[in-house]
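This report asks the reader to look at a two-chain model, part by part, and to compare the text with the coordinates.

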Amino acid sequence: MSQVLLIEDHQTVRDGLQLALTRQGHTVDAVATGEQGLDRLRAATADVVVLDLMLPGMDGFEVCRRIRQLGDLPIIMLTARNDDMDVVAGLEAGADDYVVKPVQARVLEARIRAVLRRTAGESRRGAGDRSGPEQHGALRIDRAALVVSKDGVPVSLAPTELRLLLELSHTPGQVLSRQQLLQAVWEHGYLGDSRLVDACVQRVRAKIEDDSSAPVYIQTVRGFGYRFGPL
Amino acid sequence: MTRRRWADGRAFGLRVRLLLAFALLGVTTTAVVASGSYFQARTVILQQAQDAAVMSLTDQLAQIYPLRQLPPTQDDLETLAQRLSDREGYAVVVYRDMRAQGAEAPDLLTPQLRQSVRDGVVAWQRISVSGEPVLLIGTQLELDRPDGASLPSGLEIYSVRSLAPEQQSIDRLATLAWLTGGLSLVLAVLLALLAARGVLRPVRELGRAARSLGEGRLTTRLSVRGADELADVARTFNDTAATLERQVGELRRMEADARRFVADVSHELRTPLAAMTAVTDVLDEEADRLPGDAGRAARLVSQETQSLTQLVNDLIEVSRFDSGTARLALDDVDVAAAVTATLRLRGWTDRVHADLPPGIVARLDPRRLDVIVANLVGNAFRHGADPVSLRLRAEPGWLTIEVGDDGPGLRPEVLAHVFDRFYKADTARTRSEGSGLGLAIAWENARLHRAPGQRGSLTAGNAPHGGAVFTLRLPRVAADDVEETR
């Protein structure tokens, strides 16, 4: 099915999650520290990382940042505490989604599938889209090839980030609420955590905007949500 | 406001009473002393004047002795009267029907005086002649007989003299007495004010300090001045406040310790629970295939693991409210859509009569709204009776959600504790029906939504037709950082 790298320091939790995810058909590579996890990623590939934030040695945030530097691998955080600061810091470090421990295997599994669909699903969606590349100011979005470039230079976007940008740019000038974006991009049921959207918007802005504090492409509409343009 | 009115309403406060007491004391003392000395002095002055007059009269009479003959002629009387008259007064000489007077004046002699003189007494009388005090002194000359005895001669001599100078002295004395009285009254009032200030200032300070202490500022202390009773009171106050502060501090520490303990325990429980929860799905799937008891045991473990997880999550949530670390994750939310989602996710859509006008957008924490609504509706299902109704309304600046049921309603004793942690209205209620923290968490979640001048609330009551009604009220636009006002 898919290759899951599980980084979790507590052995019983690690074993439990590995057992449950394996039964769901995933191939689970389970390690106890962030350092080991990073070593594994350099040696082999994975489709998704499930990362505990509370780790001995290198903490989860740092591991998250290092993984982001390696590439656009989807990351799902496990937060031991439902601590808002942890969640925000983790999302800023580049995590795509998070679940709060204790978590039932099927909940984590659903998140893993959703995040994988963002990666794999794009090509499928894009395949049906024959409209050709769109040009928005300096930004060129090719839905078929799943390539975004700015002034001719390709922009490296993580799957969730790309999905968010595609969703917003699909209807330029139209406001989408955070909850709508959570449903469309993250596949969360209603009442998801809007900070996922905010953190992801920040990351996309940092990559495509000239000035993140005065965004042009992804604009905040206070009281409603986000809007692509108008340019 | 109330305190102010109360203070003003004290017609006989300490200050007024002190003033009155001092004034009364001053006036009484002055009156007694002044009037006493006035009358004393008056008597002395008059007595002296009188004695002097009597002395002078007898001296003069001694020079006139001896009377040469009896009865005297009218001329004798005139001469005598002239000789006895001087600047200070004049004399009246009477012998039987004859009468001589040293000055032109009306007859002032009273019958009582004359009678006394005739009886052989040196008599005196003070009378007032057109407002002026006059002293009358009378005596009867005596005849020396050859054998040494003396006989009344029948010749009466009266001296009439004005007491005006003495009266002036006495008047001055009276004026002085009044003046002294007035001054001492002023002095008494001043002293009273001073004393009142001296007493009232510490009393006021004490009152202020006691209020401050009552408002929870346990570090309040008084400055102790002097060694009087008020200083004693201040010292006692300080001791009491210090004890109170220490004990409250101790209690707070203990409470904080207890809360930290609950939080720590909850966190510690999370790791084993995380491992167990991860495999409950495995247990659920395998339970059907396991034979008899093993299958039932597997289901039981799975079920209770979930309950325990819920309880621990709720405990952690509660401990975050207690430690003040709970924060809002605000979003602009279509409230009707949010409530619909809450009901749909839990499969309650068909069991709840929801009145949800569309288009009510609010800035709130959608996760917390979900928790509140789910708790209220779940509670209505458990303790009330179908149908459960849910009504969303928008007011200027606020939104309200009412969740009602058709059950028996809440008894007054339940109503008072319905948001207490682990409060169970029905002792027969089993733990599996909820952690016992649901409504407490809902209440805290409501109160966490704040805006300047607004604070969310969750209240419980009974509908007129019976049945419990929980009313959630949230600010339309909650803010991230509202100054804590406790």
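This is a predicted model: local features need pLDDT of at least 70, side-chain atom pairs count only at pLDDT 80 or more; totals for chains, interfaces and linings use all residues.

Residues are numbered from 1 along each chain as its sequence is written, while chains are lettered from A and ligands numbered from 1 in the order in which they are written.

Helices (H or I, at least four residues) and strands (E, at least two) are DSSP runs numbered from the N terminus, and two strands pair if DSSP finds at least two bridges between them. Strand E1 (residues 3-7) of chain A pairs with strand E2(A) in the parallel sense over five bridges, and in this pairing Val4(A) stands opposite Val28(A). Between E1(A) and E2(A) the chain passes through helix H1 (residues 11-23) of chain A, giving a right-handed β-α-β crossover (with the strands pointing away from the viewer, the path from the first strand over the helix to the second runs clockwise).

A residue is called buried if 20 or more other C-beta atoms lie within 10 Å of its own, exposed if 12 or fewer, and partly exposed in between, with C-beta atoms placed from the backbone.

Glu8(A) lies in the loop between E1 and H1 of chain A, and Glu8(A) is buried, with 29 other C-beta atoms within 10 Å. Beyond its neighbours within four places in sequence, the contacts of Glu8(A) (C-beta atoms, placed from the backbone, within 7 Å) include Arg14(A), Ala30(A) and Asp52(A).

**Another strand pair in chain A**

Strands E11 (residues 218-221) and E12 (residues 225-228) of chain A run antiparallel and are joined by four bridges, with Gln219(A) opposite Arg227(A). Their hairpin has three residues between the strands, and Gly223(A) there takes a positive phi near 90°.

**Nonpolar cores**

A nonpolar core is a set of buried Ala, Val, Leu, Ile, Met, Phe, Trp, Tyr and Cys residues joined through C-beta atoms within 7 Å.

| Core | Number of residues | Residues named |
|---|---|---|
| Largest | 71 residues | Val4(A), Val49(A), Leu51(A), Ile75(A) and Ile76(A), those with the most contacts inside it |
| Second, separate | 44 residues | Leu315(B), Leu369(B), Ile372(B) and Phe470(B) are included |

Ile75(A) has, among its contacts beyond four places in sequence, Val49(A), Leu51(A) and Cys64(A).

Chain B holds 11 helices and 14 strands, and buried residues make up 27% of its 486 residues. In helix H3 (residues 74-84) of chain B the buried residues are Leu77(B), Leu80(B), Ala81(B) and Leu84(B). They cover an arc of only 100° around the axis, so they are on the same side of H3(B) (the arc is that of the directions from the helix axis to the C-beta atoms).

The contact between the chains takes 28 residues from chain B and 30 residues from chain A. On the side of chain B, the largest share, 13 residues, comes from H6(B).

Terms used:
Two residues are in contact if their C-beta atoms, placed from the backbone, lie within 7 Å.
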